[in-house]
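Here is a short briefing on one protein chain. Please keep the sequence and the model open while you read.

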Amino acid sequence: MENIMTWIQQADHHVALFAPAVFILFHIIRPFLFIPVAFICIMGGLFFGITYGAIYSMIGITLSSIMFYLMMQKMPVVCDRMSRLKEKMFGQHRQLSIPQVVLLRITPFIHFHLISLLIIEMTRNFKEYTKLSILSNIPLAIIYTTFGQWIQSLQWQYILGILITILMMFYLLRKKEIVLKWDDFFATNVER
């Protein structure tokens, strides 16, 4: 029995060492899993607390931003697609300031890498991009990690109430109409 307890304590110590690395890795693979950045930062606050959760989130978000920069250099097709999305959202000739980029970065429903594309266009080289990415990622990591720590102190009844309220709002605020284009509607009828 004593050997088992020693093994459990050692395993717990090893898991504690690898948990931050796994969390940071999760930030890096997050875009491929279509998970919002805010959700992972909130999980960092729940698992690691405000200080360490914010630090680990900063590292993970920054590595994800760097990976996006490198991917945009290697894959111009994806860059063109993201540029079209940016033009739809912000206009073709819109210039944003650094505080605006920081505010957009902490907005939960704005695509993280769309803001990264804005930062690429605002900067001249990789070094400037990295500095501005870190600057814009700091408030994101701190705000959402703090929110995660705050959720941890809530009782389960309040958390359940918040989740139910969010789900109800999601349902009530949905778009209640379907728009069919003329060509799409009649193209299906002509083929029959």
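Among contacts between residues at least 6 apart in sequence, 73% join residues at least 24 apart. The model is predicted. The protein has eight helices and zero strands. Of its 192 residues, 31% count as buried.

**Overall layout**

- Read along the sequence, the pattern is α-α-α-α-α-α-α-α.
- The accessible surface comes to about 13800 Å². Carbon and sulfur atoms account for 69% of that surface.

- The model has five aromatic pairs.
- One of them joins Phe-23 and Phe-48 edge-to-face, with 5.3 Å centre to centre and 70° between the planes.
- Phe-23 lies in helix α1 (residues 2-33) and Phe-48 in helix α2 (residues 37-74), so this pair ties together parts that are 25 residues apart in sequence.
- Phe-23 counts as buried because its relative accessibility is 7%, below the 20% cut-off.
- Phe-48 also forms an edge-to-face pair with Tyr-56, at 5.0 Å centre to centre and 85° between the planes.
- Tyr-56 has 17% relative accessibility and therefore counts as buried.
- Phe-23, Phe-48, Tyr-52 and Tyr-56 form one aromatic cluster.
- A pair of aromatic rings is described by the distance of the centres and the angle of the planes.

- Which residues does Ile-24 contact, leaving aside its neighbours within four places in sequence? They are Tyr-56, Ile-59, Gly-60 and Leu-63.
- Ile-24 lies in helix α1.
- With 14% relative accessibility, Ile-24 counts as buried.
- Ile-24 and Ile-59 are 35 residues apart along the chain, yet their C-alpha atoms are separated by 6.8 Å.

**The loop between α1 and α2**

- Phe-34 is found in the loop between α1 and α2.
- Is Phe-34 buried or exposed? Its relative accessibility is 76%, so Phe-34 counts as exposed.
- The phi of Phe-34 is near 55°, a positive value in a residue other than glycine.
- Most residues other than glycine have a negative phi.

**Helix α5**

- Helix α5 covers residues 112-122 and is mostly covered, with nine of its 11 residues buried.
- The buried residues of α5 include Phe-112, His-113, Leu-114, Ile-115 and Ser-116.
- Leu-117, Leu-118, Ile-119 and Ile-120 are also buried in α5.

**Helix α6: Thr-145**

- Thr-145 has its place in helix α6.
- At 0% relative accessibility, Thr-145 counts as buried.
- A polar atom of the Thr-145 side chain lies 2.5 Å from the backbone oxygen of Ala-141.
- An α-helix has 3.6 residues a turn, so residues three or four places apart point the same way.
- Not counting residues up to four places away in sequence, Thr-145 touches several glycines: Gly-44, Gly-45, Gly-49 and Gly-53 are among its contacts.
- Its other contacts include Cys-41, Ile-50, Ala-54 and Ser-57.

**Helix α6: Phe-126**

- Phe-126 is found in helix α6, residues 126-152.
- Phe-126 is partly exposed, with a relative accessible area of 35%.
- Leaving aside neighbours within four places in sequence, Phe-126 is in contact with Ile-66 and Tyr-69.
- How far apart in space are Phe-126 and Tyr-69, C-alpha to C-alpha? They are 7.9 Å apart, while 57 residues apart in sequence.

**The salt bridge**

- The structure holds one salt bridge.
- The side chains of Glu-128 and Arg-124 meet in it, at 2.6 Å from N to O.
- Glu-128 is partly exposed, at 24% relative accessibility.
- Arg-124 is exposed, with a relative accessible area of 73%.
- Side chains of opposite charge can pair when their charged atoms come close.

**A nonpolar surface patch**

- Which residues make the nonpolar surface patch? They are Trp-156, Leu-160, Ile-164, Met-168, Tyr-171 and Leu-172.
- The patch is about 690 Å².
- One of its residues, Met-168, is found in helix α7, residues 156-172.

Conventions: Residues are numbered from 1 along each chain as its sequence is written. This is a predicted model: local features need pLDDT of at least 70, side-chain atom pairs count only at pLDDT 80 or more; totals for chains, interfaces and linings use all residues. Side-chain values use heavy atoms; hydrogens and water are left out. Buried means under 20% relative accessible area, exposed over 50%, partly exposed in between (1.4 Å probe, protein chains only). Helices (H or I, at least four residues) and strands (E, at least two) are DSSP runs, numbered from the N terminus. Patches are made of residues with over 30% relative accessible area and no salt bridge: like charges are joined within 9 Å, nonpolar side chains (Val, Leu, Ile, Met, Phe, Trp, Tyr) within 5 Å. Accessible areas come from the Shrake-Rupley method with a 1.4 Å probe; for residues, only the protein chains shown count as cover. A salt bridge is a side-chain nitrogen of Lys or Arg within 4 Å of a carboxyl oxygen of Asp or Glu. Contact means heavy atoms within 4.5 Å. A polar contact is a pair of N or O atoms within 3.5 Å; within protein, one must be able to donate a hydrogen and the other to accept it, and residues adjacent in sequence count only if both atoms are side-chain atoms. Rings of Phe, Tyr and Trp (its six-membered ring) pair if their centres lie within 6.5 Å; planes under 30 degrees apart count as stacked, over 60 as edge-to-face and the rest as tilted.
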